[in-house]
Amino acid sequence: MKAFSYYNAADVKDAVAVLGDSGSDSRALAGGTDLIGEIKNRYISPDRLVNLKSIKGLDRIKYSRSQGLTLGPLATLAEVAGHEQVRVRYPALAEAAESVGSPQLRNVGTIGGNICQRPRCWYYRGEEYPCLRKGGSHCYAVSGRNKYHCIIDGGPCFIVHPSDTAPALMALGARVAITSARGEREVGLDEFFVLPSSDPTRENILGPGEIVTRISVPPPGEGQRSCYLKFKERESRDFALVGAAVVLELQGRTCRRASVVLAGVAPVPHRSTAAEKILSGQAIALAVVEKAAEAAVAGAEPMEENGYKVQLTKTILKRAVLRAAGVEV
Amino acid sequence: RPVKFVAVQDFGMPMNKLTARSQINGGIIMGISWALCEDRTMDPNTGLMVNPNMENYKLAGTMETPEIEVVIDEMPERGPIGLGEPPRIPTAGALATAVYNATGAWVRRMPMTPDVVLEALANKGGAR
């Protein structure tokens, strides 16, 4: 790989100042489980890596009844998955974090890195293909091999967003703080991700010199239940074929409000407002859940090789809702 | 995902039983990998393999490995016979038969990943 310099950021202000220096190609380094792979595969060659792990306090996990959950982006997935308040109050997040990769990857990979990670599309990750996302003019998946690509909201690029924690965080109503040399802004996670129809070269709104500095999840509502399910092609370690994060606000058997976000179906974590509308205000039972599952895939546009994802999505949504509601079938 | 696998191997006179058992275990694991996970995926436009790496060329891992029971059917009167291919090749067939037993659908393609199994179920007319 091309030689790069390694800079240990002293604090956030220092990090964003160095990252924002347009004179060199600098990248933020957290766990490095995605970035180092990208560099080794030779499709990016930064001049400088800005290490964020040297910044004190960026990995803290805090919970309070009034404020909810505050995650430092450098908290590892293992720390998030193992944190008692996360497991008890936000099971969807603990389950999502625990489903990522392998124990080794979870010990090093961070929650901030997980939501900002680049796609796994084999054309994007393939040196030989100057695809749309890399600034080229063509998506090779359209007439190529696309069994893992998206079935919803695709075009002109057809990636799926690879994160498990992002759908869980989104379903839980999370917000992210983004810091640059110009200061801090906060957006809901629903506004953080970018569809290829807006810009096929980026997955999220982070600009040069910007990093995520905080992920905030509101306190759980009354009767809140949540879960994350993930279907993998290979149990031992794999990205999701499809995943479902479901958050329900239950009053007895009735679901007052539902939040459903899917992984593996779209270029961004996909909130299924169609499924949410059907579930809200209903008693959770098989019939209404099946109706919600059908609605979730109603507008799906499968590609040549990924039609199976339609059935998988219906099944996983159904199982996730029933599991979150504690309903046995 | 296989839960238990029983292998009955007859290869004449075993020369070293520990080596033989290890060979059978290894053949079964790689047979499972072949039948359930591995796929050399070619791009039709460039003729290049799109998954020449450990991420997307999937190998069986610990979660794909079942409880394996090995029975050596000893026939020393036949003399030593090879044990290179026998543990691996019928393993794939056994898994396909198991899938048929479980679902009523014959899967004619490997690896037998969710997309392939769903397709076989649909062709049988029994997809749920």
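Predicted model: local features only at pLDDT ≥ 70, side-chain atom pairs only at ≥ 80, totals over all residues.

Trainee: OK, chain B then. Which helices and strands does chain B have, and in what order do they run?

Mentor: Chain B has three helices and two strands. Starting at the N terminus, the order is β-α-β-α-α.

Trainee: And what does the C-alpha trace of chain B span along its principal axes?

Mentor: That trace spans about 55 × 35 × 25 Å.

Trainee: How much of chain B is buried?

Mentor: Chain B has 128 residues, and 38% of them are buried. The chain also exposes about 7400 Å², with carbon and sulfur atoms supplying 55% of that.

Trainee: What about contacts inside chain B between residues at least 6 apart in sequence: what share join residues at least 24 apart?

Mentor: That share is 68%.

Trainee: What's the area buried between the two chains?

Mentor: About 2000 Å², and carbon and sulfur atoms give 54% of it.

Trainee: How many salt bridges cross the interface of chain A and chain B?

Mentor: The rule finds four. One of the salt bridges joins B:Lys58 to A:Asp238, with the closest N and O atoms 2.8 Å apart.

Trainee: Now A:Ser163. Is A:Ser163 buried or exposed?

Mentor: A:Ser163 counts as buried because its relative accessible area is 1%, and the cut-off for buried is under 20%. You'll find A:Ser163 in the loop between helix 7 (111-116) and helix 8 (165-171) of chain A.

Trainee: What is A:Ser163 in contact with, leaving aside neighbours within four places in sequence?

Mentor: A:Asn114, A:Ile115, A:Gln117 and A:Ala263. Besides those, a polar atom of the A:Ser163 side chain lies 2.9 Å from the backbone nitrogen of A:Ala166.

Trainee: Last one: which residues form the nonpolar patch on the surface?

Mentor: A:Met1, A:Phe4, A:Tyr6 and A:Ile36, with about 370 Å² of accessible area together. A:Phe4 sits in the segment before strand 1 (5-8) of chain A.

Methods
Residues numbered from 1 in each chain as written. Chains lettered and ligands numbered in written order. Heavy atoms only, no water. Patch = residues over 30% accessible without salt bridge, like charges linked within 9 Å, V, L, I, M, F, W, Y side chains within 5 Å. Areas by Shrake-Rupley, 256 points an atom, 1.4 Å probe, with all protein chains shown as cover. Salt bridge = Lys/Arg side-chain N within 4 Å of Asp/Glu carboxyl O. Helix = DSSP H or I, 4+ residues; strand = E, 2+ residues; numbered from the N terminus. Buried area = accessible area lost by both parts, 1.4 Å probe. Buried < 20%, exposed > 50% of the residue type's maximum accessible area, 1.4 Å probe, protein only. Polar contact = N/O pair within 3.5 Å; in protein donor to acceptor, adjacent residues only side chain to side chain. Contact = heavy atoms within 4.5 Å.
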